Amino acid sequence: MSESALIFETMADDDCTYCDEGTLELRSYKDNDAIVCDDCGTPAVQVW
Ligand SMILES: [Zn+2]
């Protein structure tokens, strides 16, 4: 497992730090893998 995948595994399902309701999920963001809030859509981690 790559280091970035390990970060995703750690962060996915965490609570969003930008809103009260959101949960972080792995999602494609601007053609890159990222951890994005499922409620407000704020990217928490993005790997290029
Ligand atoms: Zn959020």
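**Notebook: one helix, three strands**

**Entry 1. Leu24.** I looked up what Leu24 touches, leaving out residues up to four places away in sequence, and found Met11, Ala12, Asp13, Asp14, Cys16, Ile35, Val36, Cys37 and Ala44. Two residues are in contact here if their C-beta atoms, placed from the backbone, lie within 7 Å.

**Entry 2. What kind of model this is.** I noted that this is a predicted model, where local features need pLDDT of at least 70, side-chain atom pairs count only at pLDDT 80 or more, and totals for chains, interfaces and linings use all residues. Residues are numbered from 1 along each chain as its sequence is written. I looked up pLDDT, which is the predictor's confidence in each residue, from 0 to 100. The mean for the protein chain is 84, and 90% of its residues reach 70 or more. I then asked which elements have the lowest and highest confidence. Strand β3 is lowest, at a mean of 75, and β2 is highest, at 87.

**Entry 3. The elements.** I wrote down the order from the N terminus as α-β-β-β. Helices (H or I, at least four residues) and strands (E, at least two) are DSSP runs, numbered from the N terminus. I also checked contacts with a separation of 6 or more in the protein chain, and residues 24 or more positions apart account for 15% of them.

**Entry 4. Burial.** I needed the cut-offs before going on: a residue is buried if 20 or more other C-beta atoms lie within 10 Å of its own, exposed if 12 or fewer, and partly exposed in between, with C-beta atoms placed from the backbone. By this count, 10% of the 48 residues of the protein chain are buried. I asked why helix α1 lies largely in the open. Helix α1 covers residues 3-11, and the number of its nine residues that are buried is zero, so the helix lies largely in the open.

**Entry 5. The core.** The largest one has five residues: Cys16, Leu24, Ile35, Val36 and Cys37. Strand β2 (residues 32-37) gives the most to this core, with three residues.

**Entry 6. Phe8.** I found Phe8 in helix α1. Phe8 is partly exposed, because it has 18 other C-beta atoms within 10 Å. Setting aside residues up to four places away in sequence, Phe8 touches Leu26 and Ile35. Phe8 and Ile35 are 27 residues apart in sequence, while their C-alpha atoms are 6.7 Å apart in space.

Entry 7. I checked how β1 (residues 24-29) and β2 pair, and the sense is antiparallel, over six bridges. Strands count as paired if DSSP finds at least two bridges between them. Leu26 stands opposite Ile35 in β2. The hairpin has two residues between the strands, and Lys30 there takes a positive phi near 50 degrees. Asp31 is in the loop between β1 and β2. Phi of Asp31 is also positive, near 70 degrees, in a residue other than glycine. Asp31 is exposed, because 7 other C-beta atoms lie within 10 Å.

Entry 8. Most residues other than glycine have a negative phi. Asp13 counts as exposed, because it has 11 C-beta neighbours inside 10 Å.

I then went to Ala12, which lies in the loop between α1 and β1. Ala12 is partly exposed, with 15 other C-beta atoms within 10 Å. Apart from neighbours within four places in sequence, Ala12 is in contact with Leu24, Glu25, Leu26 and Ile35. Ala12 and Cys37 are 25 residues apart along the chain, and their C-alpha atoms are separated by 9.3 Å.

**Entry 9. Asp38.** I found Asp38 in the loop between β2 and β3 (43-46). Is Asp38 buried or exposed? Asp38 is exposed, because it has 12 other C-beta atoms within 10 Å. Asp38 touches Gly22, Thr23 and Glu25, not counting residues up to four places away in sequence. From Asp38 to Cys16 I noted 22 residues in sequence and 8.6 Å in space, C-alpha to C-alpha.

Key
A nonpolar core is a set of buried Ala, Val, Leu, Ile, Met, Phe, Trp, Tyr and Cys residues joined through C-beta atoms within 7 Å.
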